[in-house]
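Me: I'd like to learn how to read a fold with you, feature by feature. Could you give me the general idea each time and then the case at hand?

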Amino acid sequence: RKMSLRLLCLFLALLTLVALPACKSKKPSDADTSTDPVTDGSKAPETNEAGEIIIDNPVFDGLDYEGETIHITRPETDLFRREFALSINERQDEVDNRVFLRDVAVQKKLNVDFRYHQSNVLLQIGSGTDFIAMVNNAAQAGGGELDIFTPSSGYIGYAAVRNVILNLHDTQYFDSEHACWNQNHVNVATVQGQLYAATGDLTISLFDKTLVTLTNITKLEAMGVDDIYDTVLNGDWTLDRMEELIRDYHYEDLDGNGIKSLGDSFALTGMLTSELIYAWPIASGITVMKTREDGFHYVDTNVLEPLDTLRERIDTLINSENCLAYNNGEDVNGPYNQFTEGKALFTVDSIIRNRATSARLRNMTDRFAILPIPKGSTEQTGYATTPELHFSVVAMIKTTPERQDMVSAAVQLLGEESYKSVRPYYIETVLKNRYTASSAKAVRILSDILDSVRFEFSILYADSVGN
């Protein structure tokens with residue numbers, strides 16, 4: 001623990017060295033750009049498919065960048081590549097079509113030309129050495145292919161301390177208060193007035209990677225439990241209740257080899273190094289790092305004892321006979337596949353790992369439910385979760401002031417257009433229709449889960465402080 005605290009202090013000190021005065025830049029128009037409705041009472045305001053009011057932002061009126069090229073780099077993996085426009089042959093569904101039309105609309109509005117690039121260096125794999133080299137080279141080249149890029153969240157700390165990516169608050173058009181950006185992320189990720197990346201409606205992998213408890217309803221009903229939705233909605237879905245169900249589940253040695261193995265049936269499965277770890281503290285209401293009024297972050301030593309207690313409890317749970325925890329080097333889709341094959345009562349995982357696994361979930365023989373991560377106790381007022389660290393954030397490389405203005409306009413407009421037509425459709429039509437079995441209770445639970453996404457500073461910057 002002492003070593004982790006030393007690394008954390010060093011990281012915060014480095015961020016402070018590159019920090020600038022904490023002030024939000026002024027927009028070039030005095031017009032009201034808030035998302036509050038303003039009507040004369042004679043006509044209902046325009047809304048998106050989630051029923052949220054849409055206000056066109058006048059700040060972009062009249063902007064004309066005369067066909068300038070903006071380079072956008074995204075990961076090659078399909079779950080992340082689709083966050084920006086795909087070619088006509090790659091588009092698979094209406095979400096892909098809407099993303100394409102969004103990008104076209106932004107290019108037309110600003111009179112810019114998007115050029116797309118792909119690199120899995122942006123995915124959080126390994127030490128981050130290749131990613132650091134990429135952003136350093138791009139900064140030296142005046143932007144290169146990284147005007148806009150969407151790396152895994154955990155990589156941002158590496159680039160921030162090297163002073164090669166933009167503080168979004170210092171850009172001309174980025175509006176951190178707009179509803180298209182996740183406000184909890186904005187608050188938690190800001191260090192001394194500096195925000196180096198954002199997430200929200202533009203980066204739909206945020207919703208894909210939200211951690212949940214995938215639950216086999218068929219198996220629960222066979223155990224005599226037919227009220228799990230009511231348990232959740234009544235606020236009684238706790239770690240205690242999950243432990244009870246895990247104890248009551250009978251481990252099955254399906255492959256007959258006499259030992260715990262991938263071919264057997266378990267009460268709980270998951271990836272030990274990620275999905276089974278990240279969500280528990282937040283779900284239990286534990287915040288390790290907090291922010292003082294002056295913007296400095298500090299470790300709340302009062303939570304270290306309950307955090308240790310929680311860790312011991314989870315260790316005991318996942319090391320029991322009824323549970324199987326996958327380690328690095330094993331099939332990363334293993335827990336998800338084991339669940340979809342009907343060999344697990346629960347798995348803690350993201351809603352969607354990739355398009356192939358999501359199809360297996362929708363087509364599995366047993367009935368399933370998406371439940372929150374259990375609360376620490378019934379005394380907590382609500383559920384909370386967090387995304388697995390491979391969700392995307394959007395960032396901008398440092399270039400000339402003029403180019404930075406143009407790129408920030410594109411990022412903000414992409415976010416606002418996603419708020420209008422991409423994210424609402426994705427959640428209301430795709431996630432809810434495909435993963436809730438037309439159950440009103442299941443729809444409500446999924447909505448509550450997505451609304452309960454929270455972030456923890458020490459997890460967002462985990463790799464920068466040695467985990």
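Me: How many helices and strands are there in the protein?
Reply: Helices (H or I, at least four residues) and strands (E, at least two) are DSSP runs, numbered from the N terminus. Here the protein has 17 helices and 11 strands. Bear in mind that this is a predicted model, where local features need pLDDT of at least 70 and side-chain atom pairs count only at pLDDT 80 or more, while totals for chains, interfaces and linings use all residues. Residues are numbered from 1 along each chain as its sequence is written, and side-chain values use heavy atoms, with hydrogens and water left out.

Me: What share of the protein's residues is buried?
Reply: Buried means under 20% relative accessible area, exposed over 50%, and partly exposed in between (1.4 Å probe, protein chains only). Of the 467 residues, 56% are buried.

Me: Now sheets. What is the strand order in the open sheet of four strands?
Reply: Strands of a sheet pair through backbone hydrogen bonds, either parallel or antiparallel. Two strands pair if DSSP finds at least two bridges between them. In this sheet the order is β2-β1-β3-β11, and the pairing is mixed. At the edges sit β2 (112-118) and β11 (395-396), each pairing on one side only. β11 runs antiparallel to β3 (residues 148-149), with two bridges between them; I148 has M396 as its bridge partner.

Me: Which helix packs on that sheet?
Reply: That's α15 (residues 401-435), which touches β1 (68-74), β2, β3 and β11. For angles, axes are lines fitted to C-alpha atoms, for helices over the stretch in contact, and the angles run from 0 to 180 degrees between N-to-C directions. The direction of α15 makes about 60° with that of β1.

Me: What is the order in the open sheet of five strands?
Reply: Read it as β8-β5-β9-β4-β10, again with mixed pairing. Its edge strands are β8 (323-326) and β10 (368-371), which each pair on one side only. On average, neighbouring strands are turned by 20° against each other, direction ignored. Helix α10 (residues 239-248) packs on this sheet, touching β4, β5 (266-271), β8 and β9 (344-350), and its direction makes about 135° with that of β9. As for bridges, β4 (residues 211-216) and β10 are antiparallel and joined by four of them, with L214 partnered by I370.

Me: How do α15 and α16 cross?
Reply: The axes of α15 and α16 (residues 440-451) come within 11 Å and cross at roughly 125°. That makes the pair oblique: angles under 35 degrees count as roughly parallel, over 145 as roughly antiparallel, 65 to 115 as roughly perpendicular and the rest as oblique. I427, L431 and K432 of α15 meet V443, L446, S447 and L450 of α16.

Me: Is I427 buried or exposed?
Reply: I427 is buried, at a relative accessible area of 10%. Leaving out residues up to four places away in sequence, I427 touches F207, K432 and L450.

Definitions and conventions:
Contact = heavy atoms within 4.5 Å.
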